[in-house]
Amino acid sequence: MAAVEKSIRVEGLILTHQNYGEADRFVRMLTPDRGKISALARGVRKMNSRKAGHLEPFTVISAQLVQGRGSAWTISQVTTLEAFPSLSCTLESACFASYVAELADRFSDEDTESRDLYRLTVRTLRRLSQAADAYSVLRWFDFRLLDLTGYRPQLRECVGCGRPIAPQPQYFSLSLGGALCPNCGVLDAAALPISMRTLKFFRYYQSRPAADNALVGWPSELWVETDRILNAYFTYILERKINSSEFMAKVG
Ligand SMILES: [Zn+2]
C-alpha cells in the first residue's frame, strides 16, 4: 500500500457529484481556504455506506481528505455541518439550488482562497431553503456574485459615452458590462434592450448591502427580461451557457 502523502481536514459545500466505477463517486466541493476540490468517495453507493448521506449536493461538510502520491483526494471521513433538505424536495427548488451551485462552480478555481464566494454561496442556499420568494434570492445572489468576481455592471452612466442614463428605454452591453444609452446601444449589435423599470431593479439589487435580507421582491412581469439579460451576461463572462438556467426556463 502506498504511503499517504498528505492528509487535510476541510470544511466544504458539496456542489455536484458524479458516479465513478462500480460503487464510488467523485464529489466536487467548494472550500473557503482551497477553492474547489474534487475528491473520491469510495464505496459510497453501497447500501450500507455511512458516508452517502453526507455527500449529497448542497450539504456543508467537514471532511478528512487523504492524497496518495500523484493521485486524487479521497474522502476518509465526513460529517455534516449544515444541510438544506428542503432544497431537494421539489424540482423547482432543486433547480434554483443547482443554479447557485453551478455559478459557484464556474467562478471558482482550485487551490485558491475563496472565503467570500464560499460564504455567499452557503448563505444563498440557506436563504433559498427558508425563503418564499426564491426568485428574488437568486437575483440577490447574482448581483453579489458579480460584485465579488469583478463584473459589477455600471448602471448609472452609459458604458459607451459616459453620459448619465436618462429615464427611458436603454440597452445593456455584455462586452462593456453595463447600461448603454440609446445612441450608443444601436452601435453595439450584441447589446440587449432593457426597460427602465428592469434597470431600476438592477440598480436597487446592486446597491443593497450584503447583509440586507429585506428586499423588495423582483416583480414577476420583469422576470423574462431580467433572465434574458443576466443569462446572456453570465454566458458572456463565462464563455459558456449556464445549464441549470436553461433547465429552469424549461420547467418554469
Ligand atoms: Zn452612450
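## A buried helix and its surroundings

In helix H3 the buried positions are Val-137, Leu-138, Arg-139, Trp-140, Phe-141, Asp-142, Phe-143, Arg-144, Leu-145 and Leu-146. Buried here means that 20 or more other C-beta atoms lie within 10 Å of a residue's own; 12 or fewer makes it exposed, anything in between partly exposed, and the C-beta atoms are placed from the backbone. The model is a predicted one, with local features requiring pLDDT of at least 70 and side-chain atom pairs counted only at pLDDT 80 or more, while totals for chains, interfaces and linings use all residues. Residue numbers start from 1 along each chain as its sequence is written.

As for geometry, H3 has 15 residues and runs 21 Å from its first C-alpha to its last, close to the expected 21 Å at 1.5 Å a residue. That expectation is 1.5 Å times one less than the number of residues in the helix. Helices (H or I, at least four residues) and strands (E, at least two) are simply DSSP runs, numbered from the N terminus. The buried residues of H3 pack against H1, helix H2 (115-130), H5 and H6, with contact taken as C-beta atoms, placed from the backbone, within 7 Å of each other. After H3 comes Gly-150, with a positive phi near 85°.

Thr-226, Ile-229, Leu-230, Tyr-233 and Phe-234 are the buried residues named in H6. These cover an arc of only 125° around the axis, so they sit on the same side of H6; the arc is that of the directions from the helix axis to the C-beta atoms. The packing partners of the buried residues of H6 are helix H1 (91-107), helix H3 (134-148), strand S6 (170-173), strand S8 (192-194) and helix H5 (196-207). Just past H6, Glu-239 adopts a positive phi of about 60°.

Two of those partners, S6 and S8, belong to an open sheet of 3 strands, ordered S7-S6-S8 with antiparallel pairing. Its edge strands are strand S7 (178-180) and S8, each pairing on one side only. On average, neighbouring strands of this sheet are turned by 45° against each other, direction ignored; the axes are lines fitted to C-alpha atoms, for helices over the stretch in contact, and angles run from 0 to 180 degrees between N-to-C directions. S6 and S8 run antiparallel and are joined by 3 bridges, where pairing requires DSSP to find at least two bridges between two strands. Gln-170 has Ile-194 of S8 as its bridge partner.

The loop between H3 and S6 holds Leu-155, which is buried, with 20 other C-beta atoms within 10 Å. Leaving out residues up to four places away in sequence, Leu-155 touches Gly-178, Ala-179, Leu-199, Phe-202, Arg-203 and Gln-206. Take Arg-203: it is 48 residues from Leu-155 in sequence, yet the two C-alpha atoms are 6.4 Å apart in space.

Elsewhere in the chain, S4 and strand S5 (residues 73-82) pair antiparallel over 8 bridges. Gln-64 finds its bridge partner in Gln-77 of S5. The hairpin of S4 and S5 has 4 residues between the strands, and in this hairpin Gly-70 takes a positive phi near 70°.

Phe-58, not a glycine, has a positive phi of about 70° and lies in the loop between strand S3 (35-41) and strand S4 (60-68). Phe-58 is buried, with 27 other C-beta atoms within 10 Å. Asp-111, also a residue other than glycine, has its positive phi near 55° and lies in the loop between H1 and H2. With 10 C-beta neighbours inside 10 Å, Asp-111 counts as exposed.

Zooming out, the protein chain has 7 helices and 8 strands. Its C-alpha atoms fill a box of roughly 70 × 35 × 30 Å along the principal axes. Of its 252 residues, 35% count as buried. Among contacts with a separation of 6 or more, 55% come from residues 24 or more positions apart. The domain assignment gives domain 1 (4-82) and domain 2 (131-251), the bounds coming from an automatic or database assignment. The centres of domain 1 and domain 2, taken over C-alpha atoms, are separated by 35 Å.

Definitions and conventions:
Two residues are in contact if their C-beta atoms, placed from the backbone, lie within 7 Å.
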